[in-house]
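The sequence and the structure are shown first.

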Amino acid sequence: PLTRFIPERFHARHADYVEQHRDTETPPDAFGVAGIASAVRISGEEFPVEVSYSNVVESDAVLHTLIIRDVTARVRAYKALERSNLDLQQFAYVASHDLKTPLRSIGGFVQLLERNHADKLDEKALSLIRRTAAAVKRLEQLTEDLLSYARIDAEVKQFGPVDMAEVAQEVVHLLDAAINTADAAVTIHEMPVVLGDRTQLAQLLLNLVGNSIKYCRDRAPVVEVSAAQKDQEWVFSVKDNGI
């Protein structure tokens with residue numbers, strides 16, 4: 001009998017539903033809840049199940065069928081993922097705050113250097129100072145993004161217009177040290193404005209261009225970032241001479 005699988009606390013409710021819907025095509029809410037429900041093993045142990053309803057009309061009678069799937073492994077994996085997300089959130093919180101202090105110090109030192117010694121430095125040195133200050137600001141924003149993305153209860157961001165030309169230039173500035181060290185040539189072709197999440201698009205481009213510079217064998221990396229419209233979509237390409 002079906003009640004063999006139903007926890008004791010749902011027996012009365014199940015009996016009422018069966019009585020009410022015995023001659024209808026509406027299946028009884030057998031386990032008391034929709035979605036993931038609770039069933040009971042022969043040992044008395046409860047376990048999570050997913051219940052699917054179906055019915056067949058035959059000879060003016062309605063046959064209700066239920067498929068009961070044991071989803072213990074799925075629920076266990078989901079709980080493990082929740083724990084992992086919580087650990088990530090805690091790590092991101094600590095990392096974000098730990099990173100802010102040295103970043104503020106670097107930013108402060110750069111400002112002091114510019115304020116107190118600008119008159120003794122040439123334009124090249126001043127340009128390096130300004131680029132360092134800009135890189136510190138971008139790193140501060142990345143630490144904030146890391147924290148927000150790791151939050152389990154973070155709201156899904158609404159997509160908005162993203163100027164990919166600005167994003168690409170930001171990526172080039174972030175990779176400035178790697179580009180100079182590898183003597184890389186990075187060319188950004190004309191970029192469109194698209195609908196999306198700016199931070200995620202920047203992270204994606206940062207990873208792709210960064211890998212192009214990193215995995216270049218023994219040659220100087222040559223990287224091209226371009227976009228072309230195809231039907232109703234924009235197709236982005238990152239081309240390199242590496243592996």
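Helices (H or I, at least four residues) and strands (E, at least two) are DSSP runs, numbered from the N terminus. Two strands pair if DSSP finds at least two bridges between them. The model is predicted, so that local features need pLDDT of at least 70 and side-chain atom pairs count only at pLDDT 80 or more, while totals for chains, interfaces and linings use all residues. Residues are numbered from 1 along each chain as its sequence is written, and side-chain values use heavy atoms, with hydrogens and water left out.

**Overall make-up**

The protein chain has six helices and eight strands. Read from the N terminus, its elements follow the order α-β-β-β-α-α-β-α-α-β-β-α-β-β. Of its 243 residues, 25% count as buried (under 20% relative accessible area; over 50% is exposed and partly exposed lies in between, with a 1.4 Å probe and protein chains only). Contact means heavy atoms within 4.5 Å. Among contacts between residues at least 6 apart in sequence, 59% join residues at least 24 apart.

**The three-stranded sheet**

Three strands form an open sheet of mixed pairing, in the order β5-β7-β8. Strands β5 (185-188) and β8 (233-240) stand at the edges with a single partner strand each, so one side of each has no neighbour in the sheet. On average, neighbouring strands here are turned by 15° against each other, direction ignored; axes are lines fitted to C-alpha atoms, for helices over the stretch in contact, and angles run from 0 to 180 degrees between N-to-C directions.

Strand β7 (residues 222-230) pairs with β5 in the parallel sense over four bridges. With β8, β7 runs antiparallel, and eight bridges join the two. The table lists residues that stand opposite each other.

| Residue | Opposite residue |
|---|---|
| Ala-185 | Val-222 in β7 |
| Val-223 | Asp-240 in β8 |
| Lys-230 | Glu-233 in β8 |

β7 and β8 form a hairpin with two residues between them, and Asp-231 in the turn has a positive phi of about 55°.

**Helices α4 and α6**

The axes of helix α4 (residues 164-174) and helix α6 (residues 198-214) come within 9 Å and cross at roughly 50°. That angle makes α4 oblique to α6 (under 35 degrees counts as roughly parallel, over 145 as roughly antiparallel, 65 to 115 as roughly perpendicular and the rest as oblique). From α4, the contact involves Met-164, Glu-166, Val-167, Ala-168, Glu-170, Val-171 and Leu-174, and from α6, Arg-198, Leu-201, Ala-202, Leu-205, Leu-206 and Val-209. By class, this contact has 10 nonpolar, no polar and three charged residues; Ala, Val, Leu, Ile, Met, Phe, Trp, Tyr, Cys and Pro count as nonpolar, Asp, Glu, Lys and Arg as charged, and the others, Gly among them, as polar.

**Ser-212**

Helix α6 also holds Ser-212. This residue is buried, with a relative accessible area of 4%. Not counting residues up to four places away in sequence, Ser-212 touches Pro-221, Val-223, Val-238 and Asp-240. Of these, Val-223 and Asp-240 stand opposite each other.
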